[in-house]
Amino acid sequence: MSAQVLIFGALNGVGIGMIYFILSVGLTMIFGLMQFVNFAHGAFYMVSAYAAFAIAQWTGSVLPALLISPLLAAAFALASERLLLQRTYSLPHEAQILITFALAILAQESVTMIFGTLGKNVPVPEIFSGVVIFGGFVYPSYRLFVVGIAVAVALAMWLAIERTRFGAMVRAAAENAEMMGLLGFDSRKVFMAAFAFGGALAGLAGALAAPLRGVEPLMGREALAIAFVVVILGGLGSFSGALLAALLIGITQSLMSMIWPGGAHLMIYGVMTMILAFRPTGLMGRS
Amino acid sequence: MTTEGLRFPNGTTVVIAVFLIALPCILPSLTLASEILVLATGALSCTLLLGSVGLLSFGQGLYFGLGAYVSAILIRDFEMSALAATIAASLAGCLLAAAAGLLIVRRQGVYFVMLTLAFAQMGFFLALAFPRLTGGENGFGNVPRTAIAFGQFALSNPLLLYVFLAILSFAAFALVQRIVASPFGSVLNSIRYNESRSEALGYDARRFKLAAVTMAGGIAALAGAMNTLMLNFVPLSAIDVETSERLLIASLIGGVGSPLGALIGASVLSAMSDFLSPIWPRWSMVVALLLIVTVLFLRDGLLGLGGVLRRQGKEMPNG
């Protein structure tokens, strides 16, 4: 295998990894903020990917979905938080896990009811259907676009959390929600905003991934497992850990799919097992 | 598990035995009764983990699938008897659970749950990546209906098959009751109530958790082997995450406070699947709603329904 093919595979992996990062960072943020484990996170991703499919059917392009799908996912997240999940804040983690898991089943079954069990393709938007050539490398321009969006999102998120008043409130709520309430801030609103934001990020990942992998009802389940691997390796609540872990498994998956296509997904979990064997607390070394 | 009924054998043991004998008499088909046995035994592994140590596992399907494949390979390619293959499959489940458990029990709480799911997903992709061994998406077929042992008692007789499955299932239930009633079970119980206090008393919580995970893996693998005996076939779905979820849901709906809960949960879930799925393919929605109701209002599952009606629900101990 030539170096060029390897570099191409690695670049592809960066694209996949960035989608995994956007997917996982919402999960890790909601946990960091509220100590809330969301098993419905993959469902947000899946619902949004289906919305992207429907939008591409109606308008002929998936591009508007990049804006609309995250909004829909945010609305879905917000509605489930208000109607169901806020009742579980005082319950043990196990109860939260099971309630959100049930929510994920409801979402998956609803989508199957509307769109059927069979997978569907989502066309790559026309402007990005070509390839970009730089140096000797040929790279599909949609993947380059995905990387660009993901980098922009990551930067914007870092700025929002580290540099804005809202970010300071989020960090404060994560540190001590009760104290924040005593200081006169409504931590419930911060939680709601975080839920909506986390949902929107999962939604963006779903909309970005739809043209690359198509849509099918079980994709939410698969995405949830991937997001778990990312936070197991990167540590819950850690942005840089999530980025590192997501890129690592994205590149692993991409390179393996050239060497051994049948084992590409397997190796994501293989890498996880190997890392855990030597570093039980993950890449960043926190438990 | 609740402190009353910690003896073995006790009234619950008798109820389980009666239940297993009555099942084929009440139900319209022997197939459905056998399905319930398989699901109940698999769910029992979740009940053992959650009810005694307080560990939530989204990954028991991994060991279920392993047990299914190992028993199928041993019966078809090595012409083993049903009993020998079942025992070997259960031991294989213990081994895999011990190996995976070494990595899993090092992490606590939420990480533990996520790791069980990740390993279950890994098992699925493993089965998919080696189709020569597992049959891949087509499943592992042509498993002959063998005899129980020494060439005697051919399992081609459906009633005999049920009796054999019921005996295996009863053995698993009795084992779990025995474990819970033992001093070892008391330590597991103390870890569920307060892990750091148990450690302060000198118990190595990780080793006890590892032991519980290992036993639960063996029980789930036993259920997988029973599934193979029942179907003569191992579908790829035997090892997918959905199987893990079904085992967990069955144990939760029934209630993890007693092994009996696994039997009740499995009966309810199998009966629903049998009666609802022909009418409405999306019947899992009903299951999801039932799960929400169970978690929010019936913390002891259907088994605790009577208690809830009598008084206000008590606090969940592992909070």
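In this predicted model, B:Glu245 and A:Arg221 form a salt bridge, with their closest N and O atoms 2.5 Å apart. Three salt bridges are counted between chain B and chain A. Residue pairs in polar contact, both at pLDDT 80 or more, also number three between chain B and chain A.

By class, the side of chain B that touches chain A holds 30 nonpolar residues. Five polar and six charged residues are also found there.

The extent of the interface was then examined. In total, 41 residues of chain B are in contact with 46 residues of chain A. The size of an interface is often given as the accessible area lost when the parts come together. Between them, chain B and chain A bury about 4000 Å². Carbon and sulfur atoms carry 80% of that buried area.

One helix of chain B was also described by its length. Helix 7 of chain B covers residues 158-181, a run of 24 residues. From first C-alpha to last, helix 7 reaches 34 Å. This is close to the 34 Å expected at 1.5 Å a residue. A side-chain oxygen of B:Asn157 lies at the start of helix 7 of chain B. That oxygen reaches to within 3.0 Å of the backbone nitrogen of B:Leu159.

Methods:
Residues are numbered from 1 along each chain as its sequence is written. Chains are lettered from A and ligands numbered from 1 in the order in which they are written. This is a predicted model: local features need pLDDT of at least 70, side-chain atom pairs count only at pLDDT 80 or more; totals for chains, interfaces and linings use all residues. Side-chain values use heavy atoms; hydrogens and water are left out. Contact means heavy atoms within 4.5 Å. Buried area is the accessible area (1.4 Å probe) that two parts lose on being put together, summed over both. A salt bridge is a side-chain nitrogen of Lys or Arg within 4 Å of a carboxyl oxygen of Asp or Glu. A polar contact is a pair of N or O atoms within 3.5 Å; within protein, one must be able to donate a hydrogen and the other to accept it, and residues adjacent in sequence count only if both atoms are side-chain atoms. Ala, Val, Leu, Ile, Met, Phe, Trp, Tyr, Cys and Pro count as nonpolar, Asp, Glu, Lys and Arg as charged, and the others, Gly among them, as polar. Helices (H or I, at least four residues) and strands (E, at least two) are DSSP runs, numbered from the N terminus. The expected span of a helix is 1.5 Å times one less than its number of residues.
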